[in-house]
Amino acid sequence: MAHITVISPTGRKRVELDDQNTVGRHSENKIQIPDPSVSKTHCLIAIDKNKMCFIEDRSSTNGTFVNNRKIKERTSIYNGDEIRLGNIIILFEGENQAVAQMVEIGDEDEGLFSSTMSPQMETRFLSEDKIPSEKNLRADYEKLRVTYELQNEMNLERDIGKTLDRILYRTFEFLEYDQGVILLVDKNGHLTPHSYKTRRGDEKLMISSTLLNYVQKEKTGVISTDVSSDQRFNIAESIMLEGVKSTIAVPMMIDDEILGVMIIYSLEMTDAFTTKDLGLITAIANQAARIIKNSLLHEELRQSFDSSIRTLSATVDARHPLTAGHSERVTEISLMIAREMNLPEQEIRVLKFATLMHDIGKIAVPDEVLLKNGRFSNEEKAIMDIHPKKTREILENFYFPEFLENVPLIASSHHEKMDGTGYPMGLKGDEIPLASRIMAVADMFDALTAKRDYPKYIDNKTASYDPLPLAIVMTIIKKEAGERFDSKVVEAFLRCLPYIVERFKNDHLPQDYDLSLATIP
């Protein structure tokens, strides 16, 4: 069932949606949000008979935004869309069946198709002097309009899964089909279903392997009209059992490479689709193929970049046997805290890279200091304390994408303190990036729970070389809230602590760490 998750300063709340859902501050709304930035009746979220979901603004003061774009008219919403009303964020989740369970490819069979269209044909527009009628002109205009709108929408979405869902939902707006599926080619060259839409409840979709084989082999889109009367389909039981009357199947191609196949079915009427419809779907599939290819290339680059950063981070940690894995652990703990604080995914990605690289400045620390066994002298401590500054200097020589441009500042600020007594810049309070404040707590926790060959200090006094008891670790961090650490970050950290202990108990934390036994002095 479609639902939304309302994210406010008081927490997260899941709300199941009815057909009509008014949203606003007033108690008479179906979904009441008691926030001054939300109008009395701010917007309406509606679901029509075809399970399509829409949102429209109700002349609100602060406006209604979908994926950071202010809407001016009734607007379709799709799985994963983010809605903003004033200071409130709403995440929309449509009905989401498990695609692998709802779609099955049948045995080998044969088929004959009434119309075909290569991916190249859909781009051929008649010159003005060859347009035979206004009807043809309107057909070309419709193709351009739909393709243009989908292109804009798909270009705004980086997630391939959401893009595929959006294609099926948007296609349904001008072709009221019964079932639709998009399959992508996996690493082994097999077509696997990735997105599915149906108007037929929990009815399973069986796809003819003949259909897929033909589209893949011939690299062409096809229409099959009135399958039941097509003698070549007499042995195609996978289609006959479903009673398919009309089908469109098109390859998702770029150059000569098939990335996937898009199929839509009408189970209620013969001749449901026309050559014009085939052209529209082919145009959409072509554009989707370009988006998917770019996404796959982007993902390869992302993985390569991620791997390089992790390798460099591990290399820095490996200079000292007792710090191996430190940056990875601090990163994982930081991400737990960030998600507990409901940070946007974009900020979480920035935090991840900044945390992995937060100690890269230790490259500039001489071995006789970094590897020293025992307490630092004042001079040695001053040398060790240069590493955040060096971190920033080193990272500022990296080429980061625009969304990661703050990584050098964030990574180098993990030793700043809320009261302004930290280093290297003496930042105070909100001057310190939130990501750095999160990292500071995670870094302290890992340091206090790790074995070191230089001692830990409590109130500037030597405490221990070994991991401190969990109760003492919690006491130190709670005591520093408001002065060294951000109090809200500490609160989020403490809520995450049971999961942190469970995650690292057999990997890093001592076996005797037990939160239920951690009595704080």
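This is a predicted model: local features need pLDDT of at least 70, side-chain atom pairs count only at pLDDT 80 or more; totals for chains, interfaces and linings use all residues.
Are they buried or exposed, or something in between? Glu393 has 33% relative accessibility and counts as partly exposed. Lys390 is partly exposed too, at 29%. The cut-offs explain the label: buried means under 20%, exposed means over 50%, and partly exposed is what falls in between.

How many does a search of the whole structure find? The number is 15.

Next, Arg437. Its side chain meets the side chain of Asp430 in a salt bridge, 3.7 Å from N to O. Arg437 counts as buried, at 11% relative accessibility, whereas Asp430 counts as exposed, at 67%.

Arg437 also forms a salt bridge with Asp486, and there the N to O distance is 2.6 Å. Where do these two sit? Arg437 is in helix H13, while Asp486 is in the loop between H14 and H15, so the pair ties together parts that are 49 residues apart in sequence. Asp486 has 9% relative accessibility, so Asp486 counts as buried. Because salt bridges here share partners, Asp430, Arg437 and Asp486 are joined into one network.

Now the nonpolar side. The largest nonpolar core has 49 residues. Which residues have the most contacts inside this core? They are Val407, Phe445, Ile477, Phe493 and Ile500. Several helices each supply at least two residues of the core, among them H6 (275–317), H7 (326–340), H13 (434–448) and H15 (487–504).

Take Ile500 as an example. Leaving aside neighbours within four places in sequence, Ile500 is in contact with Ile333, Met336, Phe445, Phe493 and Leu509.

On to the rings. A pair of aromatic rings is described by the distance of the centres and the angle of the planes. The structure holds 2 aromatic pairs. One of them is Phe398 with Phe400: the ring centres are 5.6 Å apart and the planes are at 15°, so this pair is stacked. The cut-off behind that word is planes under 30 degrees apart. Phe398 is partly exposed, with a relative accessible area of 30%, but Phe400 counts as buried, at 11%.

Rings also turn up beside charged residues. Arg84 lies over the face of Phe65, at 4.2 Å from the ring centre. In the case of Lys352, the charged end sits over the ring of Phe353, 4.8 Å from the centre of that ring.

Last, Lys162. This residue lies in helix H3, residues 160–174, and counts as partly exposed, at 30% relative accessibility. What separates the C-alpha atoms of Lys162 and Gly80? The separation is 7.0 Å, although the two residues are 82 residues apart along the chain.

Phe398 and Phe400 make a stacked pair. That's everything I have for today.

How values were computed. Residues are numbered from 1 along each chain as its sequence is written. Side-chain values use heavy atoms; hydrogens and water are left out. A nonpolar core is a set of buried Ala, Val, Leu, Ile, Met, Phe, Trp, Tyr and Cys residues joined through side-chain atoms within 4.5 Å. Buried means under 20% relative accessible area, exposed over 50%, partly exposed in between (1.4 Å probe, protein chains only). Helices (H or I, at least four residues) and strands (E, at least two) are DSSP runs, numbered from the N terminus. Contact means heavy atoms within 4.5 Å. A salt bridge is a side-chain nitrogen of Lys or Arg within 4 Å of a carboxyl oxygen of Asp or Glu. Rings of Phe, Tyr and Trp (its six-membered ring) pair if their centres lie within 6.5 Å; planes under 30 degrees apart count as stacked, over 60 as edge-to-face and the rest as tilted. A charge sits over a ring if NZ of Lys or CZ of Arg is within 6 Å of the ring centre and within 35 degrees of the ring normal.
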